[in-house]
Amino acid sequence: MKGIAKYRRCTISISFIVLCVTLLTECINDEEQDKVVIKNAEWEQFAGSAECAGCHKSIYENHVKTAHFHTSEIVSEKNILGSFDSGKNTFIYSTGGMVKMEKRAGHFYQVAYTRGVERISQRFDIITGSGTKGQSYLTWSGTNLFQLPVTYLTSVNQWCNSPGNPNKIALNRVITSRCLECHTTFVETISAQYKEPEDFDRSHMILGVDCEKCHGPSARHVEFQTHNPKETKGAFIINPARFNRQQSLDICALCHGGRLQKIKPSFEFKAGEKLADYFLIDTAPKDAGTIDVHGNQFGLLAASKCFLKSNTLTCNTCHNPHENEKGKVGLFSQRCLNCHNDKQTDAVLCKMTGTLGSEINKNCIDCHMPEQPSKAIAVLLQGDSIPTSALMHTHLIKNYPDETKKVIAFIKKKSTG
């Protein structure tokens with residue numbers, strides 16, 4: 001009997017411990033729900049950003065106006081920026097040959113001619129680039145994607161040779177999954193990992209960088225919220241607002257961190273995970289002067305004193321990913337002043353305020369983050385031998401004396417009428 005009683009006490013103790021562990025695990029799971037990282041995304045896990053509009057109408061309507069959302073999209077007559085009018089629809093190479101932009105049977109083509117004879121026609125299928133700086137175009141060949149030879153540069157409103165192309169008609173520039181990883185939300189690769197060119201399922205693509213790029217695949221979230229409309233916690237979805245600093249930086253550095261060398265297949269990285277688990281990250285000090293203003297904004301920011309002296313500064317400190325804030329210099333300057341004001345201990349203040357007054361505080365950007373030419377987006381315009389570069393605001397925040405002189409001169413001229 002004593003043995004049986006002892007056995008019962010042991011059983012009760014073990015059951016109690018199991019119950020405590022279970023309750024503790026459930027408690028931790030509840031607390032960690034918002035930090036969940038959804039792994040191994042498949043096509044079926046995505047709902048599409050239009051589904052988000054049902055509950056997040058205002059955010060969705062603002063986001064669809066952003067450059068991110070339009071960084072890739074299906075071609076239509078309304079969204080190709082270059083002209084197809086006769087006399088404005090050709091690009092002639094100095095080395096010989098011509099590409100003409102033509103509309104045929106309701107579709108748009110780039111048609112290559114040699115000595116006036118048609119060589120090949122390739123259809124505009126996908127636009128990449130929001131048009132803020134320009135647009136490049138992709139064409140399907142079976143299950144492969146290729147870049148078309150001619151691009152559109154917004155600053156000069158002209159067709160031009162696509163960036164990186166030789167000064168001749170280039171018809172076989174392959175588009176990789178890594179290219180698509182930054183210009184789309186999801187594309188399903190259907191070929192073996194190391195096959196080139198890669199094969200893609202054109203029916204399993206989410207173009208543009210939309211809600212699910214940063215919040216994770218949302219099919220399960222949409223289903224749950226549809227059946228539980230009063231639930232406000234946001235189940236089965238990622239909330240980047242709760243990320244720590246490194247998580248927040250990593251999600252932006254995926255596409256704004258330079259030429260990352262991937263060690264796992266594209267589209268496996270999910271918001272909230274460590275970028276270094278998917279790419280080789282060069283942590284060695286860099287000469288910031290060698291970093292291009294396009295594509296590695298994070299590298300430039302990370303070399304800035306603002307970043308190095310802060311424990312909290314991230315891309316989202318200055319950028320609201322849900323809003324189109326293009327050209328709002330005053331808005332960005334105000335965000336600078338959130339730190340650079342006399343209410344902050346040891347804050348660095350603008351030395352021009354004493355002579356120019358508060359007007360200078362409306363434009364911190366052109367002094368400390370001026371537009372600079374990109375080497376990555378440098379294109380040959382027709383008849384030119386030297387590439388024309390797109391201008392982009394640098395993210396290396398520092399003093400640029402020559403640019404400051406221009407801003408001061410502009411403010412003084414404005415004040416005198």
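**Rings, strands and a helix**

Student: Trp159: buried or exposed?
Tutor: Trp159 is buried, at a relative accessible area of 5%. Buried is under 20% relative accessible area, exposed over 50%, partly exposed in between (1.4 Å probe, protein chains only).

Student: What sort of model is this?
Tutor: The model is predicted; local features need pLDDT of at least 70 and side-chain atom pairs pLDDT 80 or more, while totals for chains, interfaces and linings use all residues. Residues are numbered from 1 along each chain as its sequence is written, and side-chain values use heavy atoms, leaving out hydrogens and water.

Student: Where do Phe84 and Trp159 lie in the chain?
Tutor: Phe84 is in the loop between strands S1 (72-74) and S2 (90-92), and Trp159 is in strand S10 (residues 158-161). The pair therefore ties together parts 75 residues apart in sequence. Helices (H or I, at least four residues) and strands (E, at least two) are DSSP runs, numbered from the N terminus.

Student: Which residues make up the aromatic cluster with Phe84 and Trp159?
Tutor: Phe108, Phe124, Tyr137 and Tyr152 form one aromatic cluster with Phe84 and Trp159.

Student: Different topic: S8. Which way do its residues point?
Tutor: In strand S8 (residues 144-147), Asn144 and Phe146 point one way, while Leu145 and Gln147 point the other way. All four of these residues are buried.

Student: What is S8 paired with on the S7 side, and in which sense?
Tutor: S8 pairs with S7 (residues 134-141) in the antiparallel sense, over four bridges; strands pair if DSSP finds at least two bridges between them. Leu145 in S8 has Trp140 opposite.

Student: Now H5. Which residues there are buried?
Tutor: His221, Val222 and Gln225 are buried in helix H5 (residues 219-227). They span an arc of only 95° around the axis, which puts them on the same side of H5; the arc is taken over directions from the helix axis to the C-beta atoms.

Student: What is on the other side of H5?
Tutor: Arg220, Glu223 and His227 are on that side, and they are exposed.

Student: What about His393: where is it?
Tutor: His393 is in strand S17 (residues 388-393). His393 is partly exposed, with a relative accessible area of 26%.

Student: How far is His393 from His294?
Tutor: His393 and His294 are 8.8 Å apart in space, C-alpha to C-alpha, and 99 residues apart in sequence.

Student: Last one. Which ring does the charged end of Arg245 sit over?
Tutor: The charged end of Arg245 sits over the ring of Phe307, 4.2 Å from its centre. The rule is NZ of Lys or CZ of Arg within 6 Å of the ring centre and within 35 degrees of the ring normal. The charged end of Lys264 sits over the ring of Tyr278, 4.8 Å from its centre.

Methods:
Phe/Tyr/Trp six-rings, centres within 6.5 Å; stacked < 30°, edge-to-face > 60°.
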